Amino acid sequence: TSCDRPSSERNILVNLYVALDGNNWFRNDFWLTKSDICTWYGIACQNGKVVEINLRGNNLQGLPGPDIFYLQELQILWLYSN
């Protein structure tokens with residue numbers, strides 16, 4: 001459940017969604033829902049932490065905010081072809 005996840009990770013991803021015009025993405029499955037953030041389209045987790053964001057080719061518009069760097073376990077960030 002989302003209770004198992006630090007709220008800061010959820011907040012960072014919500015900010016990313018807003019900053020990159022998530023309502024107009026080609027795929028935004030489960031984003032901004034109460035479901036576990038690891039089920040959100042393009043998000044991969046390991047040991048309960050976000051380790052990958054893969055939103056390539058997804059009609060992103062704008063720039064991610066600097067808070068994305070607070071995802072301490074993030075290893076892969078794919079935002080190309082948008």
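Two residues are in contact when heavy atoms of theirs lie within 4.5 Å. Keep that idea in mind, and look at Ile53: leaving aside its neighbours within four places in sequence, Ile53 is in contact with Leu13, Leu16, Gly42, Ile43, Ile68, Leu71, Leu74, Ile76, Leu77 and Trp78. We will come back to this residue after a walk through the chain.

A word on the model before we start. It is predicted, so local features need pLDDT of at least 70 and side-chain atom pairs count only at pLDDT 80 or more, while totals for chains, interfaces and linings use all residues. Residues are numbered from 1 along each chain as its sequence is written, and side-chain values use heavy atoms, with hydrogens and water left out.

Let's begin with the whole chain. The protein chain has one helix and three strands, and reading along the sequence gives the pattern α-β-β-β. Helices (H or I, at least four residues) and strands (E, at least two) are DSSP runs, numbered from the N terminus. The C-alpha atoms fill a box of roughly 30 × 25 × 15 Å along the principal axes. The radius of gyration, taken over C-alpha atoms, can be set against a globule rule of 2.2 Å times the number of residues to the power 0.38. With 82 residues, a compact globule would come out near 12 Å, and the protein chain has 12 Å, which agrees. Among the contacts in the protein chain with a separation of 6 or more, 53% link residues 24 or more positions apart.

Now turn to the strands. Strands of a sheet pair through backbone hydrogen bonds, either parallel or antiparallel. Here two strands count as paired if DSSP finds at least two bridges between them. The three strands form an open sheet in the order E1-E2-E3, with mixed pairing. At the edges are strand E1 (43-46) and strand E3 (76-78), each of which pairs on one side only. Neighbouring strands are turned by 30° against each other on average, direction ignored; the axes behind this angle are lines fitted to C-alpha atoms, for helices over the stretch in contact, and angles run from 0 to 180 degrees between N-to-C directions.

Ile43 has Ile53 as its bridge partner in E2, and Cys45 has Val50.

E1 and E2 form a hairpin with two residues between them. Asn47 sits in the loop between these strands, and its phi is near 50°, a positive value in a residue other than glycine. Most residues other than glycine have a negative phi. Phe30, in the loop between H1 and E1, also has a positive phi, near 70°.

How accessible are these two residues? Buried means under 20% relative accessible area, exposed means over 50%, and partly exposed lies in between (1.4 Å probe, protein chains only). Asn47 counts as exposed at 77%, whereas Phe30 is partly exposed at 48%.

Next comes a covalent link. A disulfide is taken to be a pair of cysteine sulfur atoms within 2.5 Å, and by this rule the count comes to one. Cys38 and Cys45 form it, with their sulfur atoms 1.9 Å apart. The torsion about the S-S bond is about -100°, so the disulfide is left-handed. Both cysteines are partly exposed, Cys38 with a relative accessible area of 25% and Cys45 with 27%.

Finally, let's look inside. Buried residues make up 33% of the 82 residues in the protein chain. Five of the six residues of E2 are buried, so E2 is largely enclosed by the rest of the structure. In soluble globular proteins, nonpolar side chains tend to be buried together. A nonpolar core is a set of buried Ala, Val, Leu, Ile, Met, Phe, Trp, Tyr and Cys residues joined through side-chain atoms within 4.5 Å. The largest one has 16 residues, and Leu13, Leu16, Trp31 and Ile53 have the most contacts inside it. Helix H1 (7-19) and E2 are the elements that give two or more residues to this core, and H1 supplies the largest share, four residues. That brings us back to Ile53, whose contacts include Leu13 and Leu16.
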